[in-house]
Amino acid sequence: MTAPILVMAICDTCGNDYDKAFTITRGDQSATFDSFECAIHAMAPSCAHCGCRIIGHGTESGGAMYCCANCARGAGDTAAVDRS
């Protein structure tokens, strides 16, 4: 008897072959990842002020995305407040 062939997906971010990889689809784009870390690195927007990846709601101001109201204020939006 021959062993079954295990087909592993390759992470689009790091290239790792992983049997538990997953695919995320946003609009008409799909990508395969081996971890949420790789998915965040590839798909999450960056804060226009500090550059960190925005993995929560964030704040949008003047067409830019910020990780928090503090960063939006730091970029000049004095009225920015976090959602409550």
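Predicted model: local features only at pLDDT ≥ 70, side-chain atom pairs only at ≥ 80, totals over all residues.
Residues are numbered from 1 along each chain as its sequence is written, and side-chain values use heavy atoms, with hydrogens and water left out.

**Entry: around Asp-34**

I placed Asp-34 in the loop between β4 and α1, where helices (H or I, at least four residues) and strands (E, at least two) are DSSP runs numbered from the N terminus. Then I looked for polar contacts, which are pairs of N or O atoms within 3.5 Å; within protein, one atom must be able to donate a hydrogen and the other to accept it, and residues adjacent in sequence count only if both atoms are side-chain atoms. The side chain of Asp-34 makes such a contact with the side chain of Asn-16 at 2.9 Å, and another with the side chain of Ser-35 at 3.4 Å. Taking contact to mean heavy atoms within 4.5 Å, and not counting residues up to four places away in sequence, I listed Cys-11, Cys-14, Asn-16, Tyr-18, Ala-21 and Phe-22 as the residues that Asp-34 touches.

**Entry: Lys-20 and its partner**

Which side chain does Lys-20 meet in a salt bridge? I found that the partner is Asp-19, at 3.4 Å from N to O, and the count of salt bridges comes to 1. Lys-20 counts as exposed because its relative accessibility is 56%, whereas Asp-19, at 42%, is partly exposed.

**Entry: aromatic rings**

I searched the whole structure and found 2 aromatic pairs. By the rule, rings of Phe, Tyr and Trp (its six-membered ring) pair if their centres lie within 6.5 Å, and planes under 30 degrees apart count as stacked, over 60 as edge-to-face and the rest as tilted. Phe-22 and Phe-33 form a tilted pair, with 6.3 Å centre to centre and 50° between the planes. This pair links distant parts of the chain, since Phe-22 is in strand β3 (residues 22-26) and Phe-33 is in strand β4 (residues 29-33), 11 residues apart. Phe-22 is partly exposed at 23% relative accessibility, while Phe-33 is buried at 1%.

Phe-22 and Phe-36 form a tilted pair too, with 5.1 Å centre to centre and 40° between the planes. Phe-22 lies in strand β3 and Phe-36 in helix α1 (residues 36-43), so this pair ties together parts that are 14 residues apart in sequence. Phe-36 counts as exposed, at 63% relative accessibility.

How many bridges join β3 to β4? I count 5 bridges, with the strands running antiparallel, and I note that two strands pair if DSSP finds at least two bridges between them. The two strands form a hairpin with 2 residues between them, and Gly-27 in the turn has a positive phi of about 65°. Thr-23 stands opposite Thr-32 in β4.

I found Ala-39 in helix α1, where Ala-39 is buried at 5% relative accessible area. Leaving aside residues up to four places away in sequence, Ala-39 touches Phe-22, Ile-24, Phe-33 and Ala-44. Ala-39 and Ser-61 are 22 residues apart in sequence and 25 Å apart in space, C-alpha to C-alpha. Ser-61 is in strand β5 (residues 59-61) and is buried at 15% relative accessibility. Ala-79, which lies in the segment after α2 (69-74), is 18 residues from Ser-61 in sequence and 9.8 Å away in space, C-alpha to C-alpha.

Note on methods:
Buried < 20%, exposed > 50% of the residue type's maximum accessible area, 1.4 Å probe, protein only. Salt bridge = Lys/Arg side-chain N within 4 Å of Asp/Glu carboxyl O.
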